Amino acid sequence: KKKKEEENLRNSLKEGDKITTIGGIVGKIVDIKGDNIVIETSMDRVRMELAKWSVMTNNTAQEAAQKARAEAQAAKKAEKERKKNEKKNGL
C-alpha cells in the first residue's frame, strides 16, 4: 500500500510543486524529463536534476490538503454554532 502511495506521489508531480527529497533537499520543480525532475533550490536559482524516486514529499500537495482540512473544520464549527443559535433562539 505504501509503495503504491509513493508511486502515485511521484507520478502526480508537476511543474511548480515544492518538494523535499529523501536527502533533505528542498526545491521547486521547474521541469520534468521522463524519470527525472529539475528543481530550483534557492534564491540564487541553483538548478539540480534528480531522479523522481528521490522525492519524499510534495509540500505543495500537503499544504493544499492541510488548508482543505482546516476549511472543512471551520465550516463544521460554523454549522454547529448556527444550529446552536437556532435552537437557543427557537426556545
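User: How much accessible surface does the chain have, and what share of it belongs to carbon and sulfur atoms?
Analyst: This is a predicted model, and the values here are computed from it. The accessible surface of the chain is about 7,300 Å², and carbon and sulfur atoms account for 52% of that. As for cover, buried residues are 23% of the 91 residues.

User: Which elements make up the chain, and in what order do they run from the N terminus?
Analyst: The order is α-β-β-β-β-β-α, that is, two helices and five strands. The radius of gyration is 20 Å, well over the 12 Å that the globule rule gives for 91 residues, so the chain is more spread out than a compact globule. The C-alpha trace spans about 65 × 35 × 20 Å along its principal axes.

User: Of the contacts between residues at least 6 apart in sequence, what share join residues at least 24 apart?
Analyst: That share is 32% in this chain.

User: How many positive and negative side chains are there, and how far apart do the centres of the two sets lie?
Analyst: There are 22 positive side chains and 15 negative ones, with 9 Å between the centres of the two sets.

User: How many residues lie between strand 2 and strand 3 in their hairpin?
Analyst: Two residues lie between them, and Gly34 in that turn has a positive phi of about 65°. Five bridges pair strand 2 with strand 3 in the antiparallel sense. Asp31 has Val38 of strand 3 as its bridge partner.

User: What does Val38 stand opposite in strand 4?
Analyst: Val38 stands opposite Glu49. Strand 3 (residues 36-40) and strand 4 (residues 47-51) pair antiparallel over five bridges. Another bridge to find in the viewer is that of Asn36, whose partner in strand 4 is Ala51.

User: Where is Arg45 found, and what is its phi near?
Analyst: Arg45 is in the loop between strand 3 and strand 4. Those strands form a hairpin with six residues between them. The phi of Arg45 is near 60°, a positive value in a residue other than glycine.

User: Is Arg45 buried or exposed?
Analyst: A residue counts as exposed when its relative accessible area is over 50%. Arg45 has 59% relative accessibility and therefore counts as exposed.

User: How many residues of strand 3 are buried?
Analyst: Four of its five residues are buried, so strand 3 is mostly covered by the cut-off of under 20% relative accessible area.

User: Why does Ile37 count as buried?
Analyst: Ile37 counts as buried because its relative accessibility is 0%. This residue lies in strand 3. With neighbours within four places in sequence left aside, its contacts include Ile19, Ile29, Ile32, Met48, Leu50 and Val55.

User: How far apart in space are Ile37 and Leu13, C-alpha to C-alpha?
Analyst: They are 9.0 Å apart in space and 24 residues apart in sequence. Another pair, Leu9 and Val38, is 29 residues apart in sequence, with 16 Å from C-alpha to C-alpha.

User: Where is Leu9 found, and which residues is it in contact with, leaving aside neighbours within four places in sequence?
Analyst: Leu9 is in helix 1 (residues 2-11). With those neighbours set aside, Leu9 is in contact with Val55, Met56, Thr57 and Asn58.

Terms used:
Residues are numbered from 1 along each chain as its sequence is written. This is a predicted model: local features need pLDDT of at least 70, side-chain atom pairs count only at pLDDT 80 or more; totals for chains, interfaces and linings use all residues. Side-chain values use heavy atoms; hydrogens and water are left out. The radius of gyration is taken over C-alpha atoms; the globule rule is 2.2 Å times the number of residues to the power 0.38. Buried means under 20% relative accessible area, exposed over 50%, partly exposed in between (1.4 Å probe, protein chains only). Contact means heavy atoms within 4.5 Å. Accessible areas come from the Shrake-Rupley method with a 1.4 Å probe; for residues, only the protein chains shown count as cover. Lys and Arg count as positive and Asp and Glu as negative; His and the chain ends are not counted. The place of a charge is taken as NZ of Lys, CZ of Arg, CG of Asp or CD of Glu. Two strands pair if DSSP finds at least two bridges between them.
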